[in-house]
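Hi everyone, thanks for coming. Today I'd like to walk you through a structure step by step, so please have a look at it while I talk.

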Amino acid sequence: MISANTAAERFIHTNFLARQNVRRSTSNSRKVSFFVICMAVLTIVCFLIFLWVRIYILEIGYQISSSLENHERLLQENRNLRIERASLSAPSRIEDIARNKLGMVIPDNSQVVILKW
Amino acid sequence: MKLKSRTELKKNIRFIGLFFIVAFFIMASRAYFLQMLTSSQLSKRIQNQYKSRISFTPRRGTIYDRNAMELAVSVDVQSLFARPHLVKDAKSVAKKLSSVLETSQTEILKKLTRKKSFVWIKRKLTPLQAEKITLLKIDGLGFVKETQRFYPNKELAGQVIGFAGIDNQGLEGLELEYDSILKGKQRELHVDRDALGRYLFIEGITSDQIQGHDIVLTIDKNIQYIAERELQAAVSISQAKSAIAVVMEPWTGEVLALAIVPLFNPNQFSESKPEIWRNRAVTDAFEPGSTFKTFLVASALEEGITEPKDIFFCENGSYRVANKTIHDLHPHGWLTVARILKYSSNIGISKISRHLGKELFYQYIRKFGFGEETGIQFPIEASGFVPLPYRLSEHTQSAIGFGQGISVTPLQLACAYSAIANGGLLMRPYFVKKIIDSKGMTVQENVPFILHRVVSEKTTLTVKKILKSVVSKGGTGEKAAVAGFTVAGKTGTSQKIENSKERYSSKKTVASFVGFAPADSPRITILVIIDEPQRMTYGGEIAAPTFSRMSRLILNYLHVAPDSTLQKIYKEWQETKIISSRVEELG
């Protein structure tokens, strides 16, 4: 015959063990879920970093492309200015301005004094 | 209750864990599939989507004069194309375009209704036309950027530079000769594109890096202009058919100017006749006339057959050789060799020629560079005609002495006179000084090249002295004199052959003068040829004064001190020296 006290003690003991098991399994599952969450966060962070790098490369690509376009535009402008200079410095045009607008004439040899040669 | 919920939680966690494991497995297997099994196919697909190949037609290189002034450049222009299937209401589009492009409406409509996916409407539009069409905002039309050749100095050196066609291919002159160098090589570049097809990065290449090489000529733009302007004036005064001038640097063979009148504008080459495009100083040969006498005298002096003071009887203007009569313009009696050249006596020359002998004369003619190409870099070059000695009759031998029965190119003649100017060395003439790449680095450089010695320096000094007398008072080239400078040269007047009658024309002549200045230390050799002058038909009347004007301006431009100035300075220096020595003597 088990006394009532003993039965009560046994019940308490069993209950305690059960609670202890539950606690142990809860702590294990917390660990697992923490690990899973960490992995998920890490994956997302990696993905975000990868995405950021891609976008950054794209952005740099656009910037380079735009700089090259600008460079090309400036080169074109430079070329146009050179062509304009070449057209404006055509000897026929200069002579026409010198003779007709400025009233200049070609000097005779007697009018030429060579200081250095 | 609590226990139940915990068990469920546990289940859920396991389920999520399992989900992640399965998802990871799927991802890993997919990644394996993509990376290992289909990677090559996929990378090709992605390359097609995000990478593109652009074919770059290089910009045609620039042609510069010797002072790096642009003579031929490439200008960016827009060309208009249409995709006929995308054009709505072709009739109204044709009407709009015809008013802007100044082309007939039916012609445009014909293009717009063609069953093709791409048609050119008009290539190389003006900037204004392109702007107007852009503002019209017509569907199915588009622009392609192209380059067009532009010659900023218009007619200047047109026959030397030549021109390029609509597809930027060289068609004439140096543009044709150096076509492959100027055109450059077609390049294909890989570029990244975004989802909208915009280019992200073009390997850092700019249009300046994709271009043909540039060419620097020996031509001086200002000297060329002087030569062309003076030639035009001579043609106008003498009512001549055409004229040629060659200006050379005698010590190096560099061609400073090569002018041919009538001029043509390479920007609108189709508006002038093809025969005007030709560089006749290189491609055409003519009978040199009396300018050739110099070479006979030089040969005879070199061989020691005659001396400048030897005298010949000039038969008072008429001399019969092998049943043919040789005439002088003015009758002369006894003349020294120097005077034969000064007065340009045909009879005197024919007598010297007989003394020299045809074999020797032939050898010297060839040594002076006649009868073969000079080797100048040009698409076509004539070699002229020198008859072989065994084919020469007594009369022809005499005639060659005064420049008949032989043909030379103007460039050959200028080179031969340069040989006398520089002390007897025949130089190879050249137009191109150097070829440079887009970074300005020299790819190829032409340097003066001595072909061979023709005559000794002593002979050239004697010939120079005689040629100076030609330009002195009483000489045929009197009008070639340049105030302040000593000039050496020779006039020439040759009759042209009438093709229909195969005999010399009494009306058609070629008047010429070739010489160098300053005579004792030559800086330039100039040849002036006036073809078929109607007035002032002799070389001494029209070519010599043209030479004089040209020389004066060119020598001034080159900052060459007049001989008179030098003499004055030398005299002053000597006087100062005498005074200072006397001062020293006096203590």
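**A walk through chain B**

Let's start with the layout: chain B is split into domain 1, residues 55-217, and domain 2, residues 221-566. Please keep in mind that this is a predicted model.

How far apart are the centres of domain 1 and domain 2 of chain B? Taken over C-alpha atoms, the separation is 44 Å. The two domains do meet, with 32 residues of domain 1 of chain B in contact with 27 residues of domain 2 of chain B. On the domain 1 side, the elements that give two or more residues are helix H6 (158-161), helix H7 (173-177) and strand E10 (214-217) of chain B. That side has 15 nonpolar, nine polar and eight charged residues.

Now let's look inside. The largest nonpolar core has 126 residues, and the ones touching the most other members are B:Ala243, B:Ala245, B:Val246, B:Val247 and B:Val297. Which helix gives this core its largest share? That is helix H17 of chain B, residues 410-421, with nine residues. Both domain 1 and domain 2 of chain B supply at least three residues each to this core.

Leaving out residues up to four places away in sequence, B:Val297 touches B:Val337, B:Leu341, B:Ile352, B:Val463 and B:Ile466.

The crossing of H14(B) past H16(B) is right-handed. From H14(B) come B:Ile349, B:Ser350, B:Ile352, B:Ser353 and B:Arg354, which meet B:Gln397, B:Ser398 and B:Gly401 of H16(B). Sorted by class, this contact has two nonpolar, five polar and one charged residues.

Finally, let's turn to chain A. How many residues does each chain bring to the contact between them? Chain B brings 35 residues, and chain A brings 29 residues. On chain B's side, two or more residues come from each of helix H1 (2-37), strand E3 (70-82), strand E9 (199-201), helix H9 (221-238) and helix H19 (539-557). H1(B) gives the most, with six residues. By class, the chain B side divides into 17 nonpolar, nine polar and nine charged residues.

Terms used
Residues are numbered from 1 along each chain as its sequence is written. Chains are lettered from A and ligands numbered from 1 in the order in which they are written. This is a predicted model: local features need pLDDT of at least 70, side-chain atom pairs count only at pLDDT 80 or more; totals for chains, interfaces and linings use all residues. Two residues are in contact if their C-beta atoms, placed from the backbone, lie within 7 Å. Helices (H or I, at least four residues) and strands (E, at least two) are DSSP runs, numbered from the N terminus. Ala, Val, Leu, Ile, Met, Phe, Trp, Tyr, Cys and Pro count as nonpolar, Asp, Glu, Lys and Arg as charged, and the others, Gly among them, as polar. A crossing is left-handed if the near helix is turned anticlockwise from the far one by less than a right angle, and right-handed if clockwise. A nonpolar core is a set of buried Ala, Val, Leu, Ile, Met, Phe, Trp, Tyr and Cys residues joined through C-beta atoms within 7 Å. A residue is buried if 20 or more other C-beta atoms lie within 10 Å of its own, exposed if 12 or fewer, and partly exposed in between; C-beta atoms are placed from the backbone. Domain bounds come from an automatic or database domain assignment.
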